[in-house]
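The sequence and structure are shown first.

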Amino acid sequence: MAQIHQFCTFYLDKLMFGVELEKVQEVIRYLEITEIPLAPRVVSGLMNLRGQIVTGIDLRRRLDLSDRPEGAQPMNVVIRSADGAVSLLVDAIGDVVEVTEESFERPPETLQGNVREVLLGVHKLDKQLMHVLNTEKACETGGSADPPAIAR
């Protein structure tokens, strides 16, 4: 019998992404963010999560997608990383999805730039692809030279 994996899903620019459920601390609505002067572009700032200071990483910027529309506030997927809790800023939260290893494929060859490093692969679901995020790589704050092309 195939092993079942659970993912917390979210959306960026109408694309579905997933993070392994056991890496997710919590999912919350928008929190006020304090900007950090001279921080890398992908770091939106710091937020206070019930007394815990958490770094906010804007996944749109990390994946070289267009900026979030003016006035649209991001949601937070707080994950546990090697450096502690980090909030991934996303457009919308999805559901918990269960998949088996049979639906998993490596990142498509058409992916370019740093997005190839940030994705572990994709799961083919009934009506769309779920891009599986490598949370450790997604939390890295280095810049990217080449804009990626994400598989739709």
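## Basis of the model

Which residues are linked in a network of salt bridges? The network comprises Asp13, Arg41, Asp58, Arg60, Arg61, Asp67, Arg68 and Asp91.

The model is predicted: local features need pLDDT of at least 70 and side-chain atom pairs count only at pLDDT 80 or more, while totals for chains, interfaces and linings use all residues. Residues are numbered from 1 along each chain as its sequence is written, and side-chain values use heavy atoms, with hydrogens and water left out.

## Salt bridges

Side chains of opposite charge can pair when their charged atoms come close. A salt bridge is counted when a side-chain nitrogen of Lys or Arg lies within 4 Å of a carboxyl oxygen of Asp or Glu. By this rule the structure has 10 salt bridges. One of them joins the side chains of Asp67 and Arg41, with an N to O distance of 3.2 Å. Asp67 lies in the loop between α1 (59-62) and β6 (75-81), and Arg41 in the loop between β3 (24-28) and β4 (43-49), so this pair ties together parts that are 26 residues apart in sequence. Helices (H or I, at least four residues) and strands (E, at least two) are DSSP runs, numbered from the N terminus.

Asp67 also forms a salt bridge with Arg61, the closest N and O atoms being 3.8 Å apart. Arg61 in turn pairs with Asp58, where the closest N and O atoms are 4.0 Å apart. Relative accessible area (1.4 Å probe, protein chains only) defines burial: buried is under 20%, exposed is over 50%, and partly exposed is in between. Asp58 is buried at 6%, whereas Arg61 is partly exposed at 26%. Asp67, at 43%, is also partly exposed.

His123 belongs to strand β10 (residues 119-124) and is buried, with a relative accessible area of 3%. The His123 side chain makes a polar contact (a pair of N or O atoms within 3.5 Å; within protein, one must be able to donate a hydrogen and the other to accept it, and residues adjacent in sequence count only if both atoms are side-chain atoms) with the side chain of Ser103 at 2.7 Å. The His123 side chain also reaches the backbone nitrogen of Phe104 at 3.5 Å.

Leaving aside neighbours within four places in sequence, His123 is in contact (heavy atoms within 4.5 Å) with residues including Phe7, Val99, Gln128 and Met130.
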